[in-house]
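I opened a notebook for a structure that was new to me and wrote down what I looked up.

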Amino acid sequence: MCTIKVDTTKIVGKIKPMHGGGQPPLGGKALTEFFHYVTEAGIPFSRLHDVGGAFGGGRFVDIPNLFRNFDADENDPTNYDFTFTDHLLKALVEANVEPYYRLGITIENQAYIKPYHTFPPKNPEKWARICEHIIRHYTEGWADGYHYNIRYWEIWNEPEVQEKMMWCGTDEEYYHLYDVTAKHLKACFPHLKIGGYASCGFYAIAPKVKIDPETNLPGTIPPSDHENNLMHFFYGFFEYIKEHGSPIDFFSWHSYADVSRVAIMDEWLHKELEKLGYGGLETHLNEWNPYAKEFGTAHHAAEIAAMMIALQHGHTDICCIYDMRTNTAPYCPLFDIKTHKPIHGYYSMVAFNALYHLGAQVESQCAENRLYVLAASNGEKHAAMIVNLTGEKQSLTIEGVDLKNARCSLIDQDHLLSWIPNANEIQNNDVVLIEW
């Protein structure tokens, strides 16, 4: 028997936007016919990275798509091609989703054969000015542009990834690009948030667990050279920007590990930033997807829900799952790649949004390891989300609240946030939403 205690009178914080997503679900003749799903799920952010496929589909978001001739005059509006990105951002804003703009390029997965855009810009100062004009177009109306509320502008993505897929230069060349760009953009737009660097992650901090076949005891797999290099890049970056006085409003990072490992990384990052002199810096896990190949299963939905709950309890300020596309396996956690309709993971986002909409996180307690619980309230209406990753069925007792008139909904292999009569028990890999 698991006992959960909820106190709706004790506010412990705000429900954070843990249910953001990556690129939006482009598709159909108008490209935006599936956007209503993100509105209905209350998705708060769409991070604009890898938008439209390889090379940004040749049309979207990426600097080489918007400013095609780097040798052209960056001050001349006629040298920019905003057409498809205008279409995309207008649709997002109309869908009540805030764009989260990555300034840089789409990953080139075959860069080991030949890289095209992963080289460092040959003139970092000019590259920064190009970024400036893109921001002015979307926030200040430059070049027949818009006045959108786009707060977050991220400089590049995963510059430390292997095989030149995102960056062919040295670590120091990226640090320099960040320094030049961040200083220029903050001088132009002190009210906006400029950051990066979209780290590949910190897997070395929470290595995988393995069972020794001889002793049958758990152990850990030593970090790979790549995982160790990620750590080297991280420390090098903060050493460089501290020495050069580079501004940073948020630090973004990624992980494809499960919730138990990511929670360790989240805690480590919080403490490490404090040690480095960056305590209080916003942190964004803006690319994540545990057990990505299991999309469309109850377990995947449970892992997604547990991650959002764990990081709501943790230090991360914004999360954006990778991805919200509808047509590319396995990084398609929210939609069926054939029908383009929502699947299990989507409904975990919908369930979390029920709490996000209420606004305030209230106290919830549960001693059972791997049973994840979160509760929210607006003073009149209340909700709780429970996720079971314990490996077995759990009987539940919920204390401190009157649930006799509560509505309970279930996500399991056969139910997509469907009504159930009560929440007296929860099977392994189930997600339960209770509203009262």
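This is a predicted model: local features need pLDDT of at least 70, side-chain atom pairs count only at pLDDT 80 or more; totals for chains, interfaces and linings use all residues.

**Entry 1: a pair of strands**

In which sense do E4 and E5 pair, parallel or antiparallel? I found that E4 and E5 pair in the parallel sense, over three bridges.

Next I checked where the side chains of E5 go. Tyr152 and Glu154 point one way, while Trp153 and Ile155 point the other way. All of these are buried.

**Entry 2: helix H5**

I then turned to helix H5, residues 171–188. How far apart are its end C-alpha atoms? They are 26 Å apart, and 18 residues at 1.5 Å a residue should span 26 Å, which agrees.

I listed the buried residues of H5, among them Tyr174, Tyr175, Leu177, Tyr178 and Leu185. Asp179 and Lys186 are on that list too. What do the buried residues of H5 pack against? I noted strands E4 (98–103), E5 (152–155) and E6 (193–199), along with helices H4 (124–139) and H6 (225–244).

**Entry 3: rings that meet**

How many aromatic pairs does the structure hold? My note says 47. I looked at phenylalanine 45 and tyrosine 152, which form an edge-to-face pair with 5.9 Å centre to centre and 70° between the planes. This pair links distant parts of the chain: phenylalanine 45 is in strand E3 (residues 45–48) and tyrosine 152 is in strand E5, 107 residues apart. Phenylalanine 45 and tyrosine 152 are both buried.

I also looked at tyrosine 174 and phenylalanine 233, an aromatic pair that is tilted, with 6.0 Å centre to centre and 35° between the planes. This pair links helix H5, which holds tyrosine 174, to helix H6, which holds phenylalanine 233, 59 residues apart. Tyrosine 174 counts as buried because its relative accessibility is 0%. Phenylalanine 233 counts as buried as well, at 1% relative accessibility.

I found the charged end of arginine 59 over the ring of phenylalanine 84, 4.3 Å from its centre. The charged end of lysine 126 sits over the ring of phenylalanine 70, 5.4 Å from its centre.

Strand E2 (residues 20–21) runs parallel to E11 and is joined to E11 by two bridges. There, glycine 21 has isoleucine 321 as its bridge partner. Strand E10 (residues 282–288) also runs parallel to E11, with three bridges joining them. In this case leucine 285 has cysteine 319 as its bridge partner.

**Entry 4: an enclosed helix**

Helix H8 covers residues 298–313. I checked its span: 16 residues at 1.5 Å a residue should give 22 Å, and its end C-alpha atoms are 23 Å apart, which agrees. Why is H8 largely enclosed by the rest of the structure? I put that down because 15 of its 16 residues are buried.

**Entry 5: a nine-stranded sheet**

I traced an open sheet of nine strands, in the order E17-E16-E19-E14-E13-E12-E1-E15-E18, with mixed pairing. The edge strands are E17 (416–420) and E18 (425–426), each pairing on one side only. Inside this order, E12 (residues 360–366) and E13 (residues 371–377) run antiparallel and are joined by three bridges. Glutamine 361 has alanine 376 in E13 as its bridge partner.

**Entry 6: the cysteines**

How many disulfides does the structure hold? I found zero. For cysteine 2, the closest cysteine sulfur is in cysteine 366, and 5.4 Å is too far for a bond. Cysteine 2 is buried, with a relative accessible area of 3%. For cysteine 320, the closest cysteine sulfur is in cysteine 319, and 7.6 Å is again too far for a bond. Cysteine 320 is buried as well, at a relative accessible area of 0%.

Definitions and conventions: Residues are numbered from 1 along each chain as its sequence is written. Side-chain values use heavy atoms; hydrogens and water are left out. A disulfide is a pair of cysteine sulfur atoms within 2.5 Å. Buried means under 20% relative accessible area, exposed over 50%, partly exposed in between (1.4 Å probe, protein chains only). Helices (H or I, at least four residues) and strands (E, at least two) are DSSP runs, numbered from the N terminus. The expected span of a helix is 1.5 Å times one less than its number of residues. Contact means heavy atoms within 4.5 Å. Rings of Phe, Tyr and Trp (its six-membered ring) pair if their centres lie within 6.5 Å; planes under 30 degrees apart count as stacked, over 60 as edge-to-face and the rest as tilted. A charge sits over a ring if NZ of Lys or CZ of Arg is within 6 Å of the ring centre and within 35 degrees of the ring normal. Two strands pair if DSSP finds at least two bridges between them.
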